[in-house]
Amino acid sequence: MTRTQPNELPKIKSELNGVGLKIGIVFSRFNSSITSDLLQGAKTTLLASGVQGSDIEIIDVPGALEIPYAAQLLAKSDNFDALIAIGCVVRGETSHYDIVSTQAAEGINQVSLNHGIPITFGVLTTENFDQAKSRSGGDKGNLGSEAAWAAIELASLTKKRFNFKN
Ligand code: INI
């Protein structure tokens, strides 16, 4: 196998290409005023990178705690090159912030490693709504879009460098 040197890896977004990739999105409805903007950011990025609209499947769940189970359903289907988790957990709104945010993150990683599929983390965990707003299309960018770029990068890495077919 020819090994690519680290400095040859496509770190620049404009070098990433989503043509032919199949992407699943798990969208959490909790704090939907924020998560709908994250979802929009993810979809816009996927389409701009060349992913076909018909190759994007979105399923929605009530809250971030349900994301891992739904991601597992998509992973088991073997239909996707990568998955994107979209959610928003705001500390000010819940006393069990730590449980929701930690369990969501751990569950998502567990599904990813158990099923050998990249699942990128478009789940905002913030102190308050202002922080969430600025990271869902405001002055701090859009985490949904970042998660979409990461999904394209990891799916490409899996397919091109390791020749795995999902
Ligand atoms: N789910 C979230 O996605 N974000 C939150 O901030 C949140 N709060 O505040 O509690 C939240 N809770 C719901 C949780 O994810 C489950 O949907 C619920 O417990 C039902 O299982």
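Start with helix α5, residues 143-161. It lies across β3 and β4 and runs at about 160° to β4. That angle is between N-to-C directions, on a scale from 0 to 180 degrees, with axes fitted as lines to C-alpha atoms, for helices over the stretch in contact. Contact here means heavy atoms within 4.5 Å. Helices are DSSP runs of H or I with at least four residues, strands are runs of E with at least two, and both are numbered from the N terminus.

A word on the source. This is a predicted model, where local features need pLDDT of at least 70 and side-chain atom pairs count only at pLDDT 80 or more, while totals for chains, interfaces and linings use all residues. Residues are numbered from 1 along each chain as its sequence is written, and side-chain values use heavy atoms, with hydrogens and water left out.

Now the sheet. It is open, has 4 strands in the order β2-β1-β3-β4, and the pairing is parallel. Two strands pair if DSSP finds at least two bridges between them. β2 and β4 stand at the edges with a single partner strand each, so one side of each has no neighbour in the sheet. The twist averages 15° from one strand to the next. β1 and β2 pair over 6 bridges, in the parallel sense. For G24, the bridge partner in β2 is E57.

Next, helix α1. It has 18 residues and reaches 25 Å from its first C-alpha to its last, close to the 26 Å expected at 1.5 Å a residue. The expected span is 1.5 Å times one less than the number of residues. Buried residues of α1 include I34, L38, A42, T45 and S49. Buried means under 20% relative accessible area, exposed means over 50%, and partly exposed is in between, with a 1.4 Å probe and protein chains only. An α-helix has 3.6 residues a turn, so residues three or four places apart point the same way. Just after α1, G50 takes a positive phi of about 110°.

On to helix α2, residues 67-77. I67, P68, A70, A71, L74 and A75 are buried there. What covers the buried residues of α2? The cover includes β1, β2, β3, α3 and β4.

Two phi values next. Most residues other than glycine have a negative phi. D78, in the loop between α2 and β3, has a positive one near 65°. D78 is exposed, at 54% relative accessible area. N31 is in the loop between β1 and α1, and its phi is near 55°. N31 counts as buried, at 14%.

Last, the cores. A nonpolar core is a set of buried Ala, Val, Leu, Ile, Met, Phe, Trp, Tyr and Cys residues joined through side-chain atoms within 4.5 Å. The largest has 25 residues, and I23, I25, L46, I84 and I86 touch the most other members. β1, α1, β3 and α5 each supply at least two residues. Which element gives the most to this core? It is α5, with 6 residues. Apart from this core lies another, of 20 residues, among them V61, A64, I67 and F80.
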